[in-house]
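Dear colleague,

I am passing on the structure we spoke about, and my notes on what was found in it follow directly below. Please keep it open while you read.

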Amino acid sequence: MKRRTAVALSAATLLLPLTACGGSAEAGSGSTVTVTVGYQSKTINTVTAGTLLRSLGYFEKQLNSLHDGHTYKVDWQDYATGAPITAQMTAGKIDIGSMGDFPLLLNAARGKQLGRPTHLVSVTGYNLRGGLNTVVTAPDSTLTSLKELKDKKVSTSVGSAADGTLVRALQRAGIDPDKGISKLNQQPAVGASALSSGSVDALSQFVAWPGLLAYQGKAKALYDGAQLNLPTFHGVTAREDFSQQHPAVLEAFLKAQDQATDYLDSHPVTAAEKVAEATGLPAEVVYLYNGAHGIATFNPALAPRLVSALKKDVSVLKAAKLTGDIDVDSFVDDRYVKKALGASYAKRLTAPPPPAASEAWAEGSDKTLSFKSPKQLLAHLAAHQDGIRAAYVPDATTGTLWFADKAVWVSDGDQLLPFVTPATAQDYVSAHGGARTVSYREALERAS
């Protein structure tokens, strides 16, 4: 099948009238029904509705089991951001799509504006504190806190979840997000290049870009989105007319998504390898977000706390003049996922994310080792420095998982504590007499 890649549209462009119009899921001849799915392969907390789901073939298998007289074909279309998926959905050319919370709201607004309503039908990956979005700077940057971004150039994708994190973080730091910085509206890859070339001072982006750049040694974390302590998530949206015409197809998709979620939970390392193979991302980066104790938790249920967070996001988009009022309650439609998940749905609504843990991924292993404390992990790493593929530690205050060798380490008595950013480490040091920051090398030595 042909993979189509579209240039991402800015959120502002997204809200302008569209002139294009297209077909529907019934495109094709005779009894063949083509279902078009828009996804973001490199936005890896959507993999259970995109990259991983596609590689496992679960959706196609569910469609083949319908036995309703139709022959089904799935057209998977890969995009860099959620904006072009929405543009294609409102043109009637994509039936089911996945995107982040802020793009989902723009999807709702755009669908209503054009008389082509869409609905949020399930959740993919979420983080209850907001850790899926991160602001990073160049490795040699002298910036150590978000407050120092005043009057600096910052790249982000306007209207994205990462932009929402940037806006809120700047506001908390006392910086006007419109006038206090010079904001460049760029696709993630363009922003990453801008950061490397020195044409911007910082980059605010969503999964997996911050982790990827840190892993590659091209960036370091400046602000952990989990400091906001506000849920962020990605979800699945479907056209209302498609859902009404093909309810069994949408249910089949959500059943397949649930199967992919179970596969990811049961085989996190293998799932990371599959996603890495499909996207070209390092498996170590995929695991940072999608692993057993990763930054993202996968659960299709439309939990009330996530819907509540979505309602709070509306004010951010309104302030940026990207949309007006949005009726979130009418946008959310949990009927199909309830039916797809059956009796387990009620339990899924309240299921907590897995507890934070330190992990080591040994070379050649299809499993990781978990440790009760970062210090125990460091002791293991010190004794096995040549056989480790990757090591992960949760931030001591936010719980956000990060690469052990990229973390900021603090020594406090017998404790060795990791932090994603210098600012959170310094906050801890300031509040704990005798605590001090140490290098990763010194942390290893102290643990051994």
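A word on exposure comes before the findings: a residue is called buried under 20% relative accessible area, exposed over 50%, and partly exposed in between, with a 1.4 Å probe and protein chains only. This is a predicted model, in which local features need pLDDT of at least 70 and side-chain atom pairs count only at pLDDT 80 or more, while totals for chains, interfaces and linings use all residues. Residues are numbered from 1 along each chain as its sequence is written, and side-chain values use heavy atoms, with hydrogens and water left out.

The structure holds 15 salt bridges, a salt bridge being a side-chain nitrogen of Lys or Arg within 4 Å of a carboxyl oxygen of Asp or Glu. One of them joins Arg 389 and Glu 273, at 2.8 Å from N to O. Arg 389 lies in strand 15 and Glu 273 in helix 11 (residues 268-279), so this pair ties together parts that are 116 residues apart in sequence; helices (H or I, at least four residues) and strands (E, at least two) are DSSP runs, numbered from the N terminus. Glu 273 is partly exposed at 30% relative accessibility, and Arg 389 is also partly exposed, with a relative accessible area of 25%.

Another salt bridge links Asp 95 with Arg 239, whose closest N and O atoms are 2.7 Å apart. Since Asp 95 lies in the loop between helix 4 (83-90) and strand 4 (96-100), and Arg 239 in strand 11 (residues 232-239), the pair ties together parts 144 residues apart in sequence. Asp 95 counts as buried at 0% relative accessibility, and Arg 239 is buried with a relative accessible area of 2%. Salt bridges that share partners join Asp 95, Arg 239 and Asp 241 into one network.

Strand 13 (residues 358-362) pairs with strand 14 in the antiparallel sense over 4 bridges, and Ala 360 stands opposite Leu 369 in strand 14.

Note on methods:
Two strands pair if DSSP finds at least two bridges between them.
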